[in-house]
Amino acid sequence: MNIEKYPVLVVDDEESIRRLLEKELAGTNREIVKAADASEAIDKVRGRSFDVIIMDLRLPDTSDLDLLIKVRDASPCTEVIMITGHGDIDTAVEAMKLGAYDFIAKPFNLDRLDLLVEKAHQRSRLSVENRLLRHSASYDQGPVKFIGNSKAVRDIQFLINKVAPADIPVLITGESGAGKDVVANAIHNRSTRAGNPMIIKNCASLQKELARSELFGHVKGSFTGAGESQEGLVSYAHQGTLFLDEIGELSLDVQASLLRLLETQTYRRVGEKEERRVNIRFLFATNRNLGEEVKTGRFNEAFYHRINVFNIAIPSLKERKEDLPLLVDFFLTKLSPEGTTYRMVQGAMDCVLDYDWPGNVRELRNVIERSIILGENGIITKRCLPHELVVEAERSEASITLESVEKKHIFKMLDFHNGNRRKTADALGISRKTLYRKMTHYQSQ
Ligand SMILES: Nc1ncnc2c1ncn2[C@@H]1O[C@H](COP(=O)(O)OP(=O)(O)OP(=O)(O)O)[C@@H](O)[C@H]1O
Ligand SMILES: [Mg+2]
C-alpha cells in the first residue's frame, strides 16, 4: 500500500486562520495546502486533486457559494467543509443543498473539525472507489498470476517481474483471449502503484467524437452536447496506472494527444487552455500488428515508438500446449462448485491436447466451465467436451499411419533393451536383418 499523505486545501482570507488550521490539522497522513482567496484556490484545484477542501463561506473576490459550485463542478469527488460565521445559517443550509459535506462555525471546535476532515476524506475515497468500481465492473479482473510452465510463459513471468517496478510504458501483444489483461493486471499489482487505481479503457469502445472528452475531460459547453464539466479517465488514473486496451483502434488525432501526455505527463481538458499535471504509468495492449499499421499510415509512428519501449508478446495457446495441463487444473480448481474439484479423465485430456484453441485461454476457460456443468460425480469425460474438440482429436487419430506406429514401437523396444538388437528383434518376432533394415529406413526419415 502507498501511505502517501492526502492533501487538504484550506481557503480563508485571514492568515491567522490559515495558520491555525495548518498547525492543527497537518499530521502524519495529511498535508495542508493554503489559499487566501477564490482565484488562488481555483489555481490549486487545477494543479492537483484534493479529497477535502475547507473553505470560508465569505471570500473577498467572489460571491457566496460561487467557489463551492466551481469546485464541485470541477472535481465531483472532492468533499467541501464550509466555515461559517455568525448569522450565516441560511447560506450554510444552501451550501449543503449544493453538495457541501458539512459546515463548522467560528470559533472552531478543533476536535470536531479534525473528525469532520477525516470523515470527509473517507467519503471522498469511497466515491472515487465507487466510480472506479462502476467503471471496472464490466472487466474480468482475472487472476494476478500468469499461469503456465512453458518456456514462453516463464519468460513472460520473468519480464512481468522485471518491468513491473519500473515506471516505463509496456505494450502487451497477443491474439484475442491469450491473456493480455492478465499480464496488465499482474504488472500493476506488482508495481509500486498497486495501492492506487488501475483504470482500464478499451479504446474500441470510445465513441469517435467523444473519445477526447472521455479521456481528458471537458468543460461545460465546450462542444455541442457537452453538459456539465467532467473529469476524464486520465484524472482518475493519477498516481495509478492507465491501461489502454485495443490501442490500435484509437484515431490518429487522439493518438497525438496521448503522445503529448506520455511525453510531458500534462494534458488539457476539451475546451480549456490550462494544462493539468498528472503522474501516470501506462500499459497498452493490442492484437494488431502496429508496425504494419505504421507502414500503412493508420498508426502514428512517433506514438508507436513511444509505447513500444518494452514489449511483452504472448504466444497463442497452440504454440505452448505444454501449458494446457496446468491451465486445465487451474480452471478446474477455480470453477468447480464449492466443496468439489472436478477431474478430467485422460481421454478427455487427450482431446484438449490435440485441439488448436483458436480462442486461446478464454476458449479453454469456457470449455472447462461448460464441462463442469455436464460432468457427473466430479469427473469430466470426452462426452462433456464440445463436439469440435472431439472431432479434431478423432481426425488427428485417424491420420496416424501404420508406419509411424511401427517406428515408434521399434524405437521404444530398442530403448527398453538398451539398444541390444538381438533382444529387440526377438521381442518383436522379426529377424535381426529385418530389424536393421527397418532401423536404417526410419532413421533416414
Ligand atoms: N496465463 C493465464 N493464466 C490464468 N488465466 C488466464 C491466463 N491467460 C488467460 N487467462 C484467462 O483467460 C481469459 C482471457 O484472458 P484475457 O482477457 O487476459 O485475454 P486478452 O488477451 O486480453 O483478450 P482480448 O484480446 O479479447 O481482450 C480470462 O478469463 C483470463 O483470466
Ligand atoms: Mg483483453
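Predicted model: local features only at pLDDT ≥ 70, side-chain atom pairs only at ≥ 80, totals over all residues.
Is K44 buried, partly exposed or exposed?

Residues are numbered from 1 along each chain as its sequence is written, chains are lettered from A and ligands numbered from 1 in the order in which they are written, and side-chain values use heavy atoms, with hydrogens and water left out.

Now, back to our opening residue. K44 is partly exposed, at 29% relative accessibility; here buried means under 20% relative accessible area, exposed means over 50%, and partly exposed is in between, with a 1.4 Å probe and protein chains only. By salt bridge I mean a side-chain nitrogen of Lys or Arg within 4 Å of a carboxyl oxygen of Asp or Glu. Both residues sit in helix 2 (residues 38-47), 4 residues apart, which is about one turn of the helix. Helices (H or I, at least four residues) and strands (E, at least two) are DSSP runs, numbered from the N terminus.

How many salt bridges are there by this rule? The count is 29. One of them pairs K34 with E22, with the closest N and O atoms 2.8 Å apart. K34 belongs to strand 2 (residues 30-35) and E22 to helix 1 (residues 15-25), so this pair ties together parts that are 12 residues apart in sequence. Another joins E24 and K23 at 3.5 Å, N to O. There, K23 is exposed at 66%, while E24 is partly exposed at 35%.

Let's turn to the inside. In soluble globular proteins, nonpolar side chains tend to be buried together. A nonpolar core is a set of buried Ala, Val, Leu, Ile, Met, Phe, Trp, Tyr and Cys residues joined through side-chain atoms within 4.5 Å. The largest one here has 31 residues, and I247, F284 and F303 have the most contacts inside it. Helix 10 gives the most to this core, with 5 residues.

What does I247 touch? Leaving out residues up to four places away in sequence, its contacts (heavy atoms within 4.5 Å) include L171, C203, F284 and F303. Apart from that core lies another, of 27 residues, among them I147, I380, L385 and L389.
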